[in-house]
Amino acid sequence: METTTHTTSAAAHIAHHSNQLTFRKAKLIVAAYGALSAVVLLAVVVRALTGHTVSSFMWGRSGGVPASAAVTYWLTAVAAQGKRWAYVRVRVISVVVPITIVAVDVIGGLPGWFVAMQVVCALTMGATAFVVNGSDVRAAFPKQR
């Protein structure tokens, strides 16, 4: 018995070499975001251990950002396999997270060093938005009707 394999145009688009390079680049940027956020967490830990004041907000933010990096990395890897639901989430996260980080940190009256480190994290994540929102990648994930 003979079987026929059909490749959808979306699957062909996502498998295209340039799109796979785009997702590799996105994963590298998200990994850098994760590494930078781990540095922020480490700085908070060191400051707390050396007797400096560290607010509960700083603990929460510096713990939450690496967690968001892990989730975003996983979603990016799943999107690279052609899963539209993961791609949509990466697009949203890569736009919303940097705006949220900067907005909340600027309002919060936090130490300058903390805000600066968070802004660097936000800029890194923002770079992901530029990578994953390219027209070629968007074309690989057409809206389903």
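Visitor: What pLDDT does the protein average?
Guide: pLDDT is the predictor's confidence in each residue, from 0 to 100. At least 70 is scored by 89% of the residues. The average is 87.

Visitor: Over which residues does pLDDT stay under 50?
Guide: Where pLDDT is low, the predicted coordinates should not be read in detail. Contact means heavy atoms within 4.5 Å. The model has three contacts beyond four places in sequence for the stretch in question, residues 1-10.

Visitor: How many helices does the secondary structure come to?
Guide: Helices (H or I, at least four residues) and strands (E, at least two) are DSSP runs, numbered from the N terminus. The elements run α-α-α-α-α-α from the N terminus on. There are zero strands, and the helices number six.

Visitor: With which residues is T22 in contact, leaving aside its neighbours within four places in sequence?
Guide: T22 lies in helix α2, residues 17-49. Buried means under 20% relative accessible area, exposed over 50%, partly exposed in between (1.4 Å probe, protein chains only). At 16%, T22 counts as buried. Its contacts beyond those neighbours are V131 and V137.

Visitor: How many aromatic pairs does a search of the whole structure find?
Guide: Rings of Phe, Tyr and Trp (its six-membered ring) pair if their centres lie within 6.5 Å; planes under 30 degrees apart count as stacked, over 60 as edge-to-face and the rest as tilted. The search covers the whole structure, and the pairs it finds number five.

Visitor: How many residues apart are F23 and Y87?
Guide: F23 and Y87 pair edge-to-face, 6.4 Å centre to centre and 75° between the planes. F23 sits in helix α2 and Y87 in helix α4 (residues 84-107), so the pair links distant parts of the chain. F23 is buried at 1%, and Y87 at 2%.

Visitor: At what angle are the planes of W113 and F114?
Guide: W113 is partly exposed at 25%, whereas F114 is buried at 0%. Their ring centres lie 5.7 Å apart. The pair counts as edge-to-face because the planes are at 90°.

Visitor: How far apart are the closest N and O atoms of R61 and D105?
Guide: A salt bridge is a side-chain nitrogen of Lys or Arg within 4 Å of a carboxyl oxygen of Asp or Glu. The whole structure has one. R61 is buried at 13%, and D105 at 1%. The closest N and O atoms of R61 and D105 are apart by 3.2 Å.

Visitor: How far does helix α3 reach from its first C-alpha to its last?
Guide: Helix α3 spans residues 56-80, 25 residues in all. The expected span is 1.5 Å times one less than the number of residues. Buried residues of α3 include M58, V65 and L75. The reach is close to the expected value, at 36 Å.

How values were computed
Residues are numbered from 1 along each chain as its sequence is written. This is a predicted model: local features need pLDDT of at least 70, side-chain atom pairs count only at pLDDT 80 or more; totals for chains, interfaces and linings use all residues. Side-chain values use heavy atoms; hydrogens and water are left out.
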